[in-house]
Amino acid sequence: MDRRWDDCERRCPRLGGPVTFAYCRDHGGDRPGAPCGKLLDCWWERFDVAAYLQANLPAETVAKLLQREPRPKIHSLLEMIARARQDLDD
Amino acid sequence: MTNRKILLTEDEMPRQWYNILADIKLNPPLGPDGNPIKPEDLAPVFPMKLIEQEVSTQRWIDIPDAVQSVYRIWRPSPLVRALSLEKVLDTPARIYFKNESVSPPGSHKPNTAVPQAYYNKISGIERMTTETGAGQWGCALSFACSQFGLECKVFMVRVSFDQKPYRKSMMEVWNGRCVASPSNETRAGREILAKFPDTPGSLGIAISEAIEAAVSDPSGKTRYSLGSVLNHVMLHQTIIGLEAKLQLAKVGDYPDVIIGCAGGGSNFAGLAFPFVLDKINGKAIEIYPVEPAACPTLTKAPFVYDHGDTAGYTPLLPMHSLGHSFMPPPLHAGGLRYHGMAPTVSQLVDEGLLTPKSVNQLESYAAGITLARSEGIIPAPETTHALATVIEEAQKAKEEGREKVILFNWSGHGLLDLGAYDKFLAGQLSNFELPEGVIAESEKVFAHYPKPAHLKRG
């Protein structure tokens with residue numbers, strides 16, 4: 001893993017405070033270890049993050065990030081409601 | 001003497017919100033299965049009145065008396081003529097701002113937190129849950145719930161929880177309960193903590209926890225609340241622009257340019273949507289949603305001759321460049337990052353009614369300092385993005401010798417974000433360095449290109 005960028009910091013537009021690139025790569029997603037879906041949005045101006053991801057993350061993860069279409073918030077809400085209800089039934 | 005503040009009396013406060021869905025065509029919200037969303041799909045997390053507002057195409061929606069009563073704690077918010085800023089910039093522009101920092105939590109967020117709490121209360125709900133990043137939204141909802149006697153639980157992303165302890169204090173003063181996410185209070189949180197006890201959390205996890213906490217309440221008396229993006233949130237925020245219109249009319253002015261920062265879209269929409277209606281009806285107004293860029297290209301990348309396109313077809317031009325093969329994601333083509341943006345704002349950009357702008361972090365903080373030292377209020381970091389564009393427009397007006405009227409939204413104060421100002425003033429926000437080797441790598445691309453001269457005037 002190339003860690004040159006890990007300590008670079010920027011203000012996270014979602015959290016409203018400073019975060020490191022390592023946070024965005026390793027913790028920003030829906031579960032620990034998953035990258036934030038806005039990783040490319042936020043870091044592309046700093047360095048060639050697409051090339052970085054391709055060199056350092058599993059191909060499937062990178063493909064998801066690169067192909068990520070803007071997703072209506074309502075979709076993720078509905079998914080989370082369904083998941084919470086499923087957990088309740090279990 | 002010119003008045004700084006243009007005030008409305010409480011009796012003059014608008015009694016209806018403006019619903020932009022009456023005037024634009026928006027693709028109906030579809031579920032992940034591709035079928036239109038049914039009200040019952042959202043009922044586990046929102047009361048029916050808010051679901052109705054989410055899909056309503058009625059242009060004007062009454063603001064309930066109980067909501068107006070709470071709004072009056074700080075509303076109507078002042079419209080301020082930025083006389084000191086105008087003087088500092090020596091601009092012929094007349095600059096006005098809506099001061100939303102005067103609300104109890106210090107931002108525009110209670111404009112929707114209050115009606116959301118109200119509609120939950122009258123639906124028999126006793127508890128609300130939500131997530132918060134920086135803590136502004138958690139504070140706003142805690143405040144709103146306290147006004148209507150509701151319990152409030154806020155899942156605050158661990159990394160922010162540790163960075164901003166006073167946000168938790170504010171929530172708890174308003175009787176909200178703020179827990180760091182992931183927490184042991186939900187199944188989702190417990191599972192994550194079991195595997196990753198030191199995780200700093202994420203907004204996605206916090207939302208999952210807040211939704212689970214609402215859905216899993218066996219009494220059925222808990223609901224979830226969201227402070228951005230959704231249509232009903234934009235609707236409630238339009239009180240900002242509606243007041244501004246009345247206030248500007250009092251002094252016989254009307255904006256040529258409207259500027260707001262665009263994160264989830266709500267403070268921008270709140271100011272802009274009532275004016276978008278005028279633009280739809282033929283008024284000539286420029287409306288700019290402004291979002292942050294992190295671009296260090298100008299200051300950090302080498303000054304070289306490079307192609308303007310990735311294929312290398314365009315002429316070689318002198319520029320600061322990280323190399324023409326450097327590929328930004330196509331999403332940036334419009335200049336606005338659409339992820340997480342309100343669908344209504346995205347739609348208006350798509351229709352050409354809004355012109356997105358972006359500004360970098362250093363410009364933003366510099367503008368924030370200029371405004372704090374002229375108008376006195378320390379702006380929230382997100383507000384500073386709008387301020388940088390305001391200054392740019394005011395300077396443009398000076399160059400053009402035009403008495404342009406600029407209106408912007410001062411969406412919140414930054415009194416709990418002073419760490420960011422410390423860093424800016426200490427020069428630490430400008431110390432981003434491209435790691436060793438990267439510039440050298442970039443320069444390999446340009447090895448056989450001519451080098452531009454660094455020309456200076458005089």
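Mentor: Welcome! Let us start with a definition: the expected span of a helix is 1.5 Å times one less than its number of residues. Helices (H or I, at least four residues) and strands (E, at least two) are DSSP runs, numbered from the N terminus. This is a predicted model, in which local features need pLDDT of at least 70 and side-chain atom pairs count only at pLDDT 80 or more, while totals for chains, interfaces and linings use all residues. Residues are numbered from 1 along each chain as its sequence is written, and chains are lettered from A and ligands numbered from 1 in the order in which they are written.

Trainee: How far apart are the end C-alpha atoms of helix 13 of chain B?

Mentor: Helix 13 of chain B covers residues 266-280, which makes 15 residues. At 1.5 Å a residue they should span 21 Å, and the model agrees with this, because the end C-alpha atoms are apart by 20 Å.

Trainee: Where does helix 13 of chain B bend?

Mentor: The bend at a residue is the angle between axes fitted to the seven residues ending there and the seven starting there. In helix 13 of chain B that angle is about 45°, and a proline, B:Pro274, follows within four residues of the bend, which is at B:Ala272.

Trainee: How many residues of helix 13 of chain B are buried?

Mentor: A residue is buried if 20 or more other C-beta atoms, placed from the backbone, lie within 10 Å of its own, exposed if 12 or fewer, and partly exposed in between. Among the buried residues of helix 13 of chain B are B:Phe268, B:Leu271 and B:Phe273. The helix is mostly covered, and of its 15 residues the number buried is eleven.

Trainee: Which elements do the buried residues of helix 9 of chain B pack against?

Mentor: In helix 9 (residues 187-195) of chain B, B:Ala188, B:Gly189 and B:Ile192 are buried. Seen down the helix axis, they fall within an arc of 95° (taken from the directions from the axis to the C-beta atoms), so they line one face of helix 9 of chain B. Contact requires C-beta atoms, placed from the backbone, to lie within 7 Å. The partners in chain B are strand 8 (176-181) and helix 10 (203-215).

Trainee: At what angle do the axes of helix 6 and helix 8 of chain B cross?

Mentor: Axes are lines fitted to C-alpha atoms, for helices over the stretch in contact, and angles run from 0 to 180 degrees between N-to-C directions. The axes of helix 6 (residues 136-148) and helix 8 (residues 165-173) of chain B come within 8 Å, and they cross at roughly 10°.

Trainee: Which residue joins B:Ser181 through a cis peptide bond?

Mentor: Most peptide bonds are trans. This cis bond has an omega of about 5°.

Trainee: Is B:Val229 buried or exposed?

Mentor: Phi of B:Val229 is near 70°, a positive value in a residue other than glycine. B:Val229 lies in the loop between strand 9 (222-224) and helix 11 (231-237) of chain B. Because it has 22 C-beta neighbours inside 10 Å, B:Val229 counts as buried.

Trainee: What share of the residues of chain B count as buried?

Mentor: Chain B holds 19 helices and 15 strands. Of its 458 residues, the share that count as buried is 51%.

Terms used:
Two residues are in contact if their C-beta atoms, placed from the backbone, lie within 7 Å.
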